[in-house]
Every structure is written in structure tokens, then in C-alpha cells.
Amino acid sequence: MNSAAMSVSGSVGAAQTPEASPALVLNADFRPLSYFPLSLWCWQDALKAVFLDRVDVVAEYETTVRSPSFEMRLPSVVSLKQYVSHARAPAFTRFNVFLRDSFACQYCGSTARELLTFDHVIPRSKGGRTTWQNIVAACSPCNIKKGGRMPKEAKMFPARKPTRPTMYELNERGRAFPPHYLHESWQDFLYWDSELEP
Ligand SMILES: [Zn+2]
């Protein structure tokens with residue numbers, strides 16, 4: 001299907017333009033594929049997946065798209081027909097390190113985002129490498145305070161021993177960071193997947 005050849009009727013009863021109508025993507029178990037960033041597809045990708053029979057449409061927007069042969073509502077929630085395993089190892093990226101550490105300084109617990117930097121637990125000057133096991137999120141005051149010293153010398157130890165997280169662990173962390181925009185049809189899937197208060 002060529003989505004570019006289709007016309008969009010966003011005016012009739014539509015609260016939103018198609019561009020502002022991303023679809024929430026659920027895994028085959030109906031849990032969001034990822035939480036942070038929240039798994040969203042643009043409407044073109046969502047429609048493509050529908051036509052390729054890779055997803056089921058779970059909920060729809062009011063907004064419709066039209067081609068000469070058909071008309072349909074834009075999906076607001078889709079679920080993958082085939083389960084995507086989270087067994088693969090997450091990429092070693094700045095974002096994922098921050099996410100593993102819940103965007104908090106591992107020395108003082110500060111969550112001031114603008115101050116967040118990376119610290120080599122064992123300094124590079126002492127042979128410390130840039131790996132999951134040696135990099136932690138640290139606020140810049142703590143980073144400066146620790147300087148090129150070993151944790152013992154500085155008496156500064158990370159709150160959590162840094163390790164390589166699993167995709168599952170990263171996803172769990174990401175659940176604590178809801179996105180800025182939530183379509184009402186997404187709420188059920190995000191709500192039902194949150195932990196019950198003890
Ligand atoms: Zn700090």
C-alpha cells in the first residue's frame with residue numbers, strides 16, 4: 001500500500017491532524033513494546049503494518065484516511081501479531097545508561113536533569129573503561145568532587161553497583177516516566193500494565 005497516494009480527511013469530526021495521531025504499539029501480549037521512549041508509530045507506519053497483516057487494530061482515532069478504493073480510521077492502538085522478545089541485550093547508549101540509573105546521580109541521588117553527566121567509577125586515568133560496569137550517571141558537582149580519584153579515595157560509591165541491564169529491566173525503569181502526550185485510548189493499556197499498590 002502506498003500511503004502517500006491517500007488523502008486524509010482530518011476535518012470531519014477529527015480532534016487531531018493525522019500527523020498528531022501516532023499509534024501506540026503493543027506487543028502480542030498487549031503490553032507496550034517499550035515505555036521510555038513510549039513505543040509509537042506515525043500513522044503511515046501503523047497503516048502499512050495493518051495492510052501487511054503484521055498488527056491487529058485495537059482502537060481507532062476519529063480521523064479517517066481515504067484512497068479511491070477505501071476509507072478507514074487511523075489506528076490509535078495496534079498490537080503486534082508476533083511476539084517480540086526482549087531477550088536481546090540493550091544498546092550501550094547515553095540514554096540507556098541514564099535510564100538504568102533512573103536519571104539520578106548515583107552518588108547523591110540528585111535528579112536535576114540539566115546537571116546529569118557520566119562518571120567513570122574507576123577513572124580512565126587508572127585504567128577504567130567505558131562500559132556498563134564502569135559508567136554511572138552522576139551530577140556534575142559530584143563528578144567534579146570525585147575527580148580522578150578511586151571510589152575508596154573519594155569515599156564515593158555508586159548507590160547501585162553498575163551492571164549491564166536487561167531489556168526487561170530498562171522497560172521496567174521506563175514505566176516510571178510517562179510521556180507528555182497520552183491519547184485516551186492508550187490509557188487502558190498503560191494503566192492496566194502498572195503495578196498495583198501493595
Ligand atoms: Zn550528585
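## Two residues with positive phi

Ser102 sits in the loop that runs between helix H2 (94-100) and strand S6 (116-120), and in this predicted model Ser102 takes a positive phi of about 55° although it is not a glycine. Because 16 C-beta neighbours lie inside 10 Å of Ser102, this residue counts as partly exposed.

Asp53 also has a positive phi, of about 65°, without being a glycine, and its place is in the loop between H1 and S4, just after H1. Asp53 has 8 C-beta neighbours inside 10 Å and therefore counts as exposed. As background to both residues, most residues other than glycine have a negative phi.

## Overall layout and confidence

The protein chain comprises six helices and seven strands, which follow one another along the sequence in the pattern β-β-β-α-β-β-α-β-β-α-α-α-α. Of its 198 residues, 25% count as buried, and among the contacts between residues at least 6 apart in sequence, 63% join residues at least 24 apart.

The mean pLDDT of the protein chain is 85, with 85% of its residues reaching 70 or more. Over residues 1-5, however, the pLDDT is below 50, and this stretch has seven contacts in the model beyond near neighbours in sequence. The pLDDT also stays under 50 over residues 10-14, for which the model has six contacts beyond four places in sequence.

## The nonpolar cores

The largest nonpolar core has 15 residues, and those with the most contacts inside it are Ala23, Leu24, Ala46, Val77 and Val78. At least two residues of this core come from each of strand S2 (23-26), helix H1 (43-51), strand S4 (55-66) and strand S5 (71-80). Apart from this core lies another, of 11 residues, including Cys105, Val121, Ala137 and Cys142.

Within the model, and leaving aside neighbours within four places in sequence, Ala23 is in contact with Leu40, Trp41, Trp43, Ala46, Pro75, Ser76, Val77 and Val78.

## The buried face of helix H1

In H1 the buried residues are Trp43, Ala46, Leu47 and Ala49. Seen down the axis of H1, these buried residues fall within an arc of 160°, so they line one face of the helix. An α-helix has 3.6 residues a turn, so residues three or four places apart point the same way.

The buried residues of H1 pack against S2, strand S3 (40-41), S4 and S5; of these strands, S2, S4 and S5 also each supply at least two residues of the 15-residue core.

Conventions
Residues are numbered from 1 along each chain as its sequence is written. This is a predicted model: local features need pLDDT of at least 70, side-chain atom pairs count only at pLDDT 80 or more; totals for chains, interfaces and linings use all residues. A nonpolar core is a set of buried Ala, Val, Leu, Ile, Met, Phe, Trp, Tyr and Cys residues joined through C-beta atoms within 7 Å. A residue is buried if 20 or more other C-beta atoms lie within 10 Å of its own, exposed if 12 or fewer, and partly exposed in between; C-beta atoms are placed from the backbone. Helices (H or I, at least four residues) and strands (E, at least two) are DSSP runs, numbered from the N terminus. Two residues are in contact if their C-beta atoms, placed from the backbone, lie within 7 Å. pLDDT is the predictor's confidence in each residue, from 0 to 100. The arc is that of the directions from the helix axis to the C-beta atoms.
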